[in-house]
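Open the model in your viewer and keep the selection tool ready. The tour goes stop by stop: what to select, then what is there.

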Amino acid sequence: MNPVPLRQRPAWAALEAHHQGLKKLHLRQLFAEDPGRGERLAIDAAGIHLDYSKNRITDETMQLLMQLAAESDLRGAIDAMFRGDRINVSEQRAVLHVALRAPRSASIIVDGQDVVPQVHAVLERMAGFAEQIRSGAWRGHGGKAILNVVNIGIGGSDLGPVMAYEALKHYSDRNLNMRFVSNVDGTDFAEAVVGLDASETLFIIASKTFTTQETMSNAHTAREWLLTSLGADKSAIARHFVAVSTNADLVTQFGIDSANMFGFWDWVGGRYSMTSAIGLSTLLAIGPAHFRALLDGFHEMDEHFRSTPFERNLPVLLALLTVWYSNFFNAPTVAVLPYDQYLKRFPAYLQQLTMESNGKHVTVEGVTTDYTTGPVYWGEPGTNGQHSFYQLIHQGTHLIPCDFIGFANTLNPLGRHHDLLMANVFAQAEALAFGKTAEEVRAEGTPEWLVPHRVFEGNRPSNTLLLERLTPAALGRLVALYEHSVFTQGVIWGIDSFDQWGVELGKVLAQRIVPELESKEEPVLKHDSSTNELIRRYRRMKGSA
């Protein structure tokens with residue numbers, strides 16, 4: 001990592017000066033002066049076509065951004081991650097989600113041990129368990145096959161599995177009813193088990209430490225629900241619960257057979273864990289072959305990121321464009337807009353991946369930044385979003401860079417539906433870039449008083465990512481693309497993208513408040529006046545219910 005602070009690096013100063021000259025330049029002019037821009041600023045790699053021509057950039061912009069990457073020692077940081085160095089500096093851990101999808105022939109050493117055989121051993125156990133469930137060989141306490149699987153987790157133990165299940169539903173075994181519980185709000189659990197026969201239900205408890213408050217609260221509720229529903233003793237738990245955890249003692253105390261505990265490692269961060277044992281629900285749904293294809297897609301993007309020159313490196317390009325808009329155009333958000341209903345949970349998954357990773361205000365050295373990091377990622381599937389928030393993107397006062405994601409072939413061909421869907425992808429990107437001038441509006445016969453309302457200024461940047469179809473491998477490539485883009489952004493900003501101390505304080509305070517809410521006696525409160533009064537009011541309102 002470059003010891004020179006980010007804003008003192010030559011490329012940063014050059015980009016600031018370059019931005020001053022470029023910020024008023026319109027995409028209409030850029031395309032008019034370079035008719036081949038649409039073909040030239042596009043890349044095909046790892047099964048993804050990226051068109052980044054509709055960005056407010058020139059060749060000089062990209063050269064300077066590449067220089068910034070070099071001055072930030074991005075190449076060294078990539079090599080360090082793949083090598084297994086402890087790049088998660090605040091927790092002194094390696095960061096090796098790439099090992100989770102490495103082939104058997106690979107070798108990745110952590111603390112003197114090759115972790116690849118360990119990874120494949122867990123994958124084999126997961127696949128064997130999945131075959132038992134999917135074939136009906138695994139029987140519940142009453143002798144029935146499992147037809148319902150409920151994954152209980154939170155954060156990375158929920159968002160990844162939910163997203164993957166929805167994204168790959170086309171490939172799933174429809175005889176298995178998959179449900180997910182994450183929120184400590186009892187409604188989440190209550191609704192998840194509506195209509196389920198406990199004798200046919202399996203719970204996956206996903207918690208590395210087996211102490212996560214929300215997950216374990218739901219797990220204990222699930223155990224009580226099961227035993228009450230079956231009228232059974234605790235021996236039934238072992239046939240209806242498995243664990244994704246590393247805490248064998250607590251797993252056993254819960255009643256789960258430790259043989260049905262699937263582990264992972266401290267070099268796997270929660271939001272990067274969907275290809276670890278956390279993906280057990282995904283594997284159950286789509287089967288081992290499709291899960292292997294998912295891992296292969298991840299690995300293909302991993303290798304592309306590791307070995308491809310930056311000027312043709314998809315994650316690097318996406319990351320540098322994000323830095324360009326965040327730090328020089330002051331764009332606070334990025335919209336991710338998948339035009340495939342199966343990807344309806346993809347933006348929610350990316351919210352954790354991006355914002356828990358790069359929502360930091362200090363560098364790896366512990367120095368407060370004097371520049372912006374971590375934009376807000378958000379989005380909805382198209383075309384739904386067009387009828388809600390696109391108005392703001394097109395004519396609002398915020399600059400919102402957009403990533404459009406589309407597929408050339410649909411998994412559900414129904415007449416003209418897919419052509420209509422994809423026409424909207426291309427039309428929205430075109431409209432954002434070029435807009436509609438007052439002259440064009442007047443030429444349509446619009447009354448003069450109405451002209452300002454119908455003008456689209458354009459010059460709104462976007463990327464378009466086009467894939468052949470949504471397969472397990474394609475999903476793996478997409479997720480890994482954003483994983484490595486997030487990492488690249490973090491390297492440029494000099495922050496640790498792999499810790500998440502920001503989630504801790506509220507959890508600690510909640511543990512302190514819980515007994516104050518549940519106390520039979522009036523508790524002595526020592527919070528601020530607002531929190532004290534809210535606690536008192538809640539206790540009064542609860543008591544009067």
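## Stop 1: H6 against H12

Select the contact between H6 and H12: His120, Leu123, Met126, Ala127, Phe129, Ala130, Glu131, Ile133 and Arg134 in H6 meet Leu280, Leu283, Leu284, Ala285, Ile286, Gly287, Pro288, Phe291, Arg292 and Leu295 in H12. Contact means heavy atoms within 4.5 Å. Sorted by class, this contact holds 14 nonpolar, two polar and three charged residues. Ala, Val, Leu, Ile, Met, Phe, Trp, Tyr, Cys and Pro count as nonpolar, Asp, Glu, Lys and Arg as charged, and the others, Gly among them, as polar.

Before going on, note that this is a predicted model, in which local features need pLDDT of at least 70, side-chain atom pairs count only at pLDDT 80 or more, and totals for chains, interfaces and linings use all residues. Residues are numbered from 1 along each chain as its sequence is written, and side-chain values use heavy atoms, with hydrogens and water left out.

Now show the whole helices, H6 (residues 116-135) and H12 (residues 280-307). Helices (H or I, at least four residues) and strands (E, at least two) are DSSP runs, numbered from the N terminus. The axes of H6 and H12 come within 9 Å and cross at roughly 125 degrees. Axes are lines fitted to C-alpha atoms, for helices over the stretch in contact, and angles run from 0 to 180 degrees between N-to-C directions. H6 and H12 are therefore oblique to each other. Angles under 35 degrees count as roughly parallel, over 145 as roughly antiparallel, 65 to 115 as roughly perpendicular and the rest as oblique. The crossing of H6 over H12 is left-handed. That means the near helix is turned anticlockwise from the far one by less than a right angle; clockwise is right-handed.

## Stop 2: H13 against H19

Go to H13 and H19. Their axes are 8 Å apart, and the helices pack at an angle of about 50 degrees. That makes H13 oblique to H19. This crossing is right-handed. On the H13 side, select Leu314, Pro315, Val316, Leu318, Ala319, Leu320, Thr322, Val323, Ser326 and Asn327; on the H19 side, Leu481, His484, Ser485, Thr488, Gln489, Ile492 and Trp493. The set divides into ten nonpolar, seven polar and no charged residues.

## Stop 3: H7 against H14

Select H7 (residues 159-167) and H14 (residues 346-358). Their axes come within 9 Å and cross at roughly 155 degrees. That makes H7 roughly antiparallel to H14. The crossing is left-handed. Leu159, Gly160 and Met163 of H7 meet Phe346, Ala348, Tyr349 and Gln352 of H14.

## Stop 4: the cores

Which residues have the most contacts inside the largest nonpolar core? Select Trp267, Phe346, Ile405, Leu475 and Leu478; the core has 132 residues. A nonpolar core is a set of buried Ala, Val, Leu, Ile, Met, Phe, Trp, Tyr and Cys residues joined through side-chain atoms within 4.5 Å. Buried means under 20% relative accessible area, exposed over 50%, partly exposed in between (1.4 Å probe, protein chains only). Helix H19 (residues 472-493) supplies the largest share of this core, twelve residues.

Centre on Leu478. Beyond its neighbours within four places in sequence, Leu478 contacts Ile48, Leu343, Phe346, Ile405, Phe407, Leu465 and Leu467. A second, separate core has 25 residues, including Val150, Ile152, Ile205 and Ala243.

## Stop 5: backbone checks

Is Ala46 buried or exposed? At 14% relative accessibility, Ala46 counts as buried. Ala46 sits in the loop between strand E1 (42-45) and strand E2 (48-51). Its phi is positive, about 50 degrees, although Ala46 is not a glycine.

Compare Asn330, with a positive phi near 55 degrees. Asn330 is in the loop between helix H13 (314-328) and strand E10 (333-338). At 60% relative accessibility, Asn330 counts as exposed.

Then find the peptide bond from Gly382 to Thr383: it is cis, with omega near 10 degrees. Thr383 lies in the loop between strand E11 (376-378) and helix H15 (390-395).

## Stop 6: Thr333

Finish on Thr333, in strand E10. Thr333 is buried, at 16% relative accessible area. Not counting residues up to four places away in sequence, Thr333 touches Pro375, Val376, Trp378, Ile400 and Pro401.
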